[in-house]
Structure formats: C-alpha cells, structure tokens
Amino acid sequence: MSSALGWPASDDFARSRLGWPSPGQESAADPTGLNDQPDPDDEAGPDEASPSKGSGEAMTVSRETSDDAERIVSRETSGLAEPARPPAGAWPRPPARRVLTVANQKGGVGKTTTAVNLAAALAQHDVRVLVIDLDPQGNASTAFSVAHHLGAPSVYEALIGARSLNDVIVAVENLPNLWCAPATIDLAGAEVELVSVVARESRLRRALESVELDVDYIFIDCPPSLGLLTLNAMVAASEILIPIQCEFYALEGLSQLLNNVALVKSELNQALYVSTILLTMYDARTRLADQVAEDVRTHFGSLVLEAVIPRSVRISEAPGFGQTVVTFDPASRGARAYQAAAYDLASRA
Ligand code: ATP
Ligand code: MG
C-alpha cells in the first residue's frame, strides 16, 4: 500500500504528510543521505517562486475524510511564478567538466526533455555540451534531429568496443557548442550482450575517457530502468540529476533509485552523488502538483532547482519538429522555465 501520492509506505517514510521524513530528522545538507560534498546552496532561503511557499502545516492525511478530499481535488491554483530571466550572453563555465546522468526508472517523467533542453539552453550561451543518448528509444537523438536509424553509428558500438565514441559523436545542427552521441534500437541488445563482457558496468566510463571533444558538460539520458545501461551511466558520471514529475505516483520508486545510487557509490564510483532535482510537468490546475512540489522541496532542500517546469503543449510539440523547446519556441513558458533551470545549474558549478 502506498500513500496518497505514491510515496513508499514503509515506516521509514511514514513521518511526513506524504511520506518523507520531516526536516530535522535528516541532515539538511544531505537530504539524499548519499552525498558527502558540501552543499553550495546551504544558506539559500525558501524558494520565492516555489509553489510550496506559504504552506507547511503538519497534517496526517486520511483520505476518507471530507477535509482530505477537499485538499486532493483539483482546483485552479495561482500557478507558477514567472521564472527569473537568466542573463543574455555567456554563462559561467565549470572549472572542470561536469558529467550528469539524468535518471529516473519511472518512464515518461521528462528525463529526455530535461537532458536535451538543459543541454540546448547551455549551448545557446557559449557553454559546450555533449549529450549521450543511452536509451534505445533514441528520443534525445530525435529531439536533436540526429540520424539514429538502424545501422547508424551509435553509442551501442562504442559500448561493445566496435568503434571509438569519437566516431559516433555528431554536431547538432543549428546549435554550435552542442554535440550528440545517438542511440539506435541496437542498444536494446546491449543490456543482454554486455552481461558476459569484462567490466561490463564501466564500458561507458571507458568510452568517455577517450572522448577528444573539449566540452564543459556531458548529459547522459537514461532509459526508464535500473538495468545495465543506467548502471553504466552511473559509473560514468559524478552527478545524478533526477527529474520528478509533479504527479500521482511520481515518488514511488524514488527510494529504490536512491538505494541504487548509494550502492554504485560504495562499490563502483565514489564520486557519485545526487546533485540536482528538477520538478517537471507541473500542472497549475491540480493541488496534487503543489503537494508533490512542496514535499520534494521539504525533503531534498536546495538540491531542487528553483525553476519548475510547467506542463506545456509547446514542450511536447518540439520533438516532432526535431527540436528542443528552447530553440522551437524560446519565448514559451516551458522554454523560459528550462532556460532558468539551465542557468541555475550552470551557476551551481
Ligand atoms: P522515458 O522514460 O520513456 O525515457 P522520459 O522520462 O525521457 O521518458 P520524456 O520523453 O522527456 O520522458 O517525456 C515524456 C513525454 O512527455 C514526451 O512526449 C514529452 O514530449 C512530454 N513532456 C515532457 N515534459 C513535458 C512538459 N513539461 N509538458 C508537456 N509535455 C511534456
Ligand atoms: Mg527518455
């Protein structure tokens, strides 16, 4: 049995209204319990733009009371505050290359949309970015209009050692500073084929070590599973970026993801930590969206980027044109939210 919003129902998570331990029960500097890096935003105050602002009363949800029904049903909210407009011109570049794995084993939460839009927004501001499409669905490749038909050079060949990753990477059209290593459906076989290969969990890490391209960021777009491909991404990266959909069940499975990160950190990649959480698909018409956003901020604190990505038709239309929303309709609300999130990410470097 899970909580109203899909939070794990174990005792460990039964302490807050929606299941997370309440603040003070965990270190605010390390809400995931995984990170030993100091949190750069420890002193940040409450998020002005956050939909969570202004509430926070302790409640024990009993879903059968009329009171609770009132809280759960949708209603028009005042919506999201306009995200702060990031500066024009060049954005800060990190002192050393940042490798971020965009992961959440739940499907359709906005992993690909987040990876491609953050990457494109950074590239538009003179930051050099490579996106590794590690999902056999090839959605990131589609969003960049990069060829990924069966037989096209792809990440699959780099993983099995048939080609260097350098020979797979292509420049994204109309976006200087942005490159993509596409995925083809071949990658679906890699989960099985790699099982018998030596150092199967560090194939991507090896492949990345050989990359000659000088980039500031590498985003790895993961498939919706915690299989060998995602494991390779976690071993290759130092940061995990988790998009969380502001929806029912969005949080179920999150503890499993965090457990996996902890395992990888202790066994395979000490540098790994959850650096960033992004709230996606926020629907201003539902109270659920507010509740999820509020709870995620309470639990993860300053790991959560200030910008919240709204549910937006323009965001979902963009890949159909082989584009990201920040190039397709830069003035749209969704594009502005991704631009603000990308600037926030760059500022935290
Ligand atoms: P998968 O687990 O299959 O890889 P994903 O987590 O990568 O999925 P996306 O592919 O980014 O999720 O998004 C799922 C669908 O939702 C896509 O059709 C995408 O265009 C759409 N979408 C993503 N973000 C938004 C948004 N903010 N508003 C509206 N639609 C969105
Ligand atoms: Mg995806």
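In which loop is Tyr-249 found? Tyr-249 sits in the loop between strand E6 (239-245) and helix H8 (254-267), and one of the views below returns to this residue.

This is a predicted model, in which local features need pLDDT of at least 70, side-chain atom pairs count only at pLDDT 80 or more, and totals for chains, interfaces and linings use all residues. Residues are numbered from 1 along each chain as its sequence is written, while chains are lettered from A and ligands numbered from 1 in the order in which they are written.

**View 1. The whole protein has 12 helices and seven strands.** Helices (H or I, at least four residues) and strands (E, at least two) are DSSP runs, numbered from the N terminus. Of the 349 residues, 51% count as buried, meaning that 20 or more other C-beta atoms lie within 10 Å of the residue's own, with C-beta atoms placed from the backbone; 12 or fewer makes a residue exposed, and anything in between partly exposed. Among contacts with a separation of 6 or more, 78% come from residues 24 or more positions apart; a contact here means C-beta atoms, placed from the backbone, within 7 Å.

**View 2. Here 20 residues surround ligand 1.** A residue joins this shell if its C-beta atom, placed from the backbone, lies within 6 Å of the ligand. The closest are Gly-107, Lys-111, Thr-112, Thr-113 and Pro-224. Helix H2 (111-123) and helix H10 (313-317) each supply at least two shell residues, and H2 gives the most, with three. By type, the shell holds six nonpolar, 11 polar and three charged residues. In this scheme Ala, Val, Leu, Ile, Met, Phe, Trp, Tyr, Cys and Pro are nonpolar, Asp, Glu, Lys and Arg are charged, and the others, Gly among them, are polar.

**View 3. Seven strands form an open sheet with mixed pairing.** Their order is E3-E4-E2-E5-E1-E6-E7. Strand E3 (170-171) and strand E7 (273-280) are the edges, each pairing on one side only. Two strands pair if DSSP finds at least two bridges between them. Strand E2 (129-133) and strand E4 (178-181) run in the parallel sense over four bridges, and Trp-179 in E4 is the bridge partner of Leu-130.

**View 4. Helix H7 (228-236) is mostly covered.** Nine of its nine residues are buried, including Leu-228, Asn-232 and Met-234. The cover includes strand E1 (98-102), H5, H6, strand E5 (217-221), E6 and H8. H7 lies across E1, E5 and E6, and runs at about 155° to E1. Axes are lines fitted to C-alpha atoms, for helices over the stretch in contact, and angles run from 0 to 180 degrees between N-to-C directions.

**View 5. H2 meets helix H12 (333-347), with axes that come within 9 Å and cross at roughly 75°.** That makes H2 roughly perpendicular to H12, a label for angles of 65 to 115 degrees. Asn-117, Leu-118, Ala-121 and Leu-122 of H2 make the contact with H12 residues including Tyr-338, Gln-339 and Leu-345. The contact residues divide into eight nonpolar, two polar and no charged.

**View 6. Ala-199 and Tyr-249 have positive phi values.** Most residues other than glycine have a negative phi. For Ala-199 the value is near 50°, and for Tyr-249 it is about 70°. Ala-199 lies in the loop between helix H5 (187-193) and helix H6 (203-209). Is Ala-199 buried or exposed? Ala-199 counts as exposed because it has 10 C-beta neighbours inside 10 Å. Tyr-249 has 13 such neighbours, so it counts as partly exposed.

Terms used
Contact = placed C-beta atoms within 7 Å. Parallel < 35°, antiparallel > 145°, perpendicular 65-115°, else oblique.
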